[in-house]
Amino acid sequence: MKPIVSICAFLVLSIHALSQKTVLLAKNLIDGTGKIIANPAVVISDNKIIAIDNKENLHLSKYGNGFVIIDLGDYTLLPGLIDAHVHPDNSSDDYQVGHLRASSAAKTLTGLKAVQDLLSEGWTALRVAGDEDVGFANLEIRNAINKGLFLGPHIYGAGHYLSVTGGGGDINFISYEQKIIPDGLIVDGPEEIRKAIRTEIKNGSDWIKILVTGAFMTTGDNPQNVHFSPEELKMAVEEAGRRDVPVMAHAHATEGIKQAVKAGVRSIEHGSYMDEEAIDLMVQHGTYLIPTLTIDLYFKEKLADSKALAKAIALAKDSREGMYEKLRLGVKKGLKIGLGTDFIGWPANYSAREFGELIKIGMSPMQAIQAGTIVNAQLLNKDKEIGSIEIGKFADIIAVKGDPLKDISELQRVKFVMMGGKVVKNEKITNP
Ligand SMILES: [Zn+2]
């Protein structure tokens with residue numbers, strides 16, 4: 001046993017040893033608040049940003065000694081990216097059966113790999129929208145990262161999604177004699193919701209995810225149906241709120257969106273069939289919308305022939321045009337739209353496709369970048385810590401080679417990643 005202990009101790013030590021005093025130099029800085037700063041010098045001590053100076057006129061001694069200077073030349077610095085809707089334990093083609101094939105321990109390992117891959121493509125914070133796992137794999141991953149056992153992104157979110165019997169989190173394609181554990185937590189009636197929420201929070205969920213309407217990817221339910229009653233939604237928001245935990249509501253049908261907003265959820269996920277009244281209600285209540293557009297692209301481009309996903313692919317195709325039209329209206333009306341991809345285990349750099357889709361719904365490139373940085377930090381209620389490059393925040397910083405305001409696809413080619421002051425990737429050195 002002795003050598004194993006000392007190897008583990010070395011790994012932990014080596015992670016901490018990477019913390020240092022660093023200065024990042026670049027051509028431009030898009031800070032996340034809407035500002036562009038030329039010739040930036042970002043001064044970092046341990047895991048925090050302590051100053052943003054100008055590289056042409058830099059007197060480092062005023063910040064102390066021992067800085068390592070990383071000169072990123074003509075690159076552009078941006079805040080670390082935030083994806084507000086991911087499922088790291090899933091893989092693209094085994095929805096609803098993945099947790100039957102793989103133990104929670106196996107899910108933890110594949111999920112850890114997925115979040116580390118996402119980090120190396122610039123995603124420094126993730127919100128998990130419940131996951132397809134019997135246990136709490138995604139929260140175990142978060143706990144291990146927070147303890148310093150592994151380098152990974154900030155993780156927030158829910159262990160599972162709450163669903164009605166026969167809903168989007170239930171397994172509706174096997175005979176009734178079979179007793180298996182579905183991917184969702186099946187709850188019917190306010191008291192079962194209360195119990196499930198207490199169990200989720202006890203096991204570390206800092207968000208509650210509830211499937212208000214049917215889903216695209218499940219067999220045997222309809223996303224146009226509203227599954228939970230107003231009384232059940234009221235219970236969900238009240239019970240979670242008692243513990244200061246916000247609720248994210250999966251809702252496709254416009255009536256489901258309206259009921260969830262009225263009940264007081266913090267965010268609507270998807271919103272595929274929303275109408276203008278639903279948009280107005282979200283604006284009035286300050287509810288965030290996370291439209292998750294990348295997953296539809298992924299279905300279309302990579303999984304068009306999947307039999308298992310035939311329902312989801314057909315629904316996405318039918319709803320897409322109408323949804324984009326309503327999203328354009330939402331942008332005009334000032335709806336708070338965050339960035340979420342519905343990541344289900346695709347190549348990590350695919351997630352940045354979401355930025356291009358946000359531009360298609362009428363956001364400027366700057367607004368799209370903000371949706372995936374500061375707006376999501378506000379959604380998470382973590383905007384004092386993450387979401388922009390400002391003094392006092394975590395040094396979660398990325399860099400791209402070109403100008404993402406001119407070509408948003410630069411965000412699919414992130415060249416440099418720093419997480420809490422530690423360099424995760426620097427292709428400027430390896431591949432200048
Ligand atoms: Zn999802």
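In β18, which residue is the bridge partner of Thr76? It is Val400. Before more, the ground rules. This is a predicted model, where local features need pLDDT of at least 70, side-chain atom pairs count only at pLDDT 80 or more, and totals for chains, interfaces and linings use all residues. Residues are numbered from 1 along each chain as its sequence is written. Helices (H or I, at least four residues) and strands (E, at least two) are DSSP runs, numbered from the N terminus. Two strands pair if DSSP finds at least two bridges between them.

Back to β18, residues 397–400. Strand β7, residues 76–79, is joined to β18 by four bridges, and the two run antiparallel. Strand β19, residues 416–419, runs antiparallel to β18 as well, over three bridges. There, Ile397 has Met418 in β19 as its bridge partner.

Are the faces of β18 covered or open? Both are covered. Ile397 and Ala399 are buried on one side, Ile398 and Val400 on the other. Buried means 20 or more other C-beta atoms within 10 Å of the residue's own, with C-beta atoms placed from the backbone; exposed is 12 or fewer, partly exposed in between.

Next, the parallel sheet. Seven strands form an open sheet, in the order β12-β11-β13-β14-β15-β16-β17. The edge strands, β12 (185–186) and β17 (336–337), each pair on one side only. Inside the order, β15 (267–273) and β16 (288–290) pair in the parallel sense over three bridges. Glu269 has Ile290 in β16 as its bridge partner.

Now two loops. Thr292 lies between β16 and α9 (294–302). Its phi is near 45°, positive in a residue other than glycine. Thr292 is buried, with 24 other C-beta atoms within 10 Å. Asp342 lies in the loop between β17 and α11 (353–360). Phi of Asp342 is near 70°, again positive in a residue other than glycine. Asp342 is buried too, with 25 other C-beta atoms within 10 Å.

Last, a helix pair. Helix α6 (230–241) and helix α7 (254–263) pack at about 40°, with axes 9 Å apart. Axes are lines fitted to C-alpha atoms, for helices over the stretch in contact, and angles run from 0 to 180 degrees between N-to-C directions. So α6 and α7 are oblique to each other. Under 35 degrees counts as roughly parallel, over 145 as roughly antiparallel, 65 to 115 as roughly perpendicular, and the rest as oblique.
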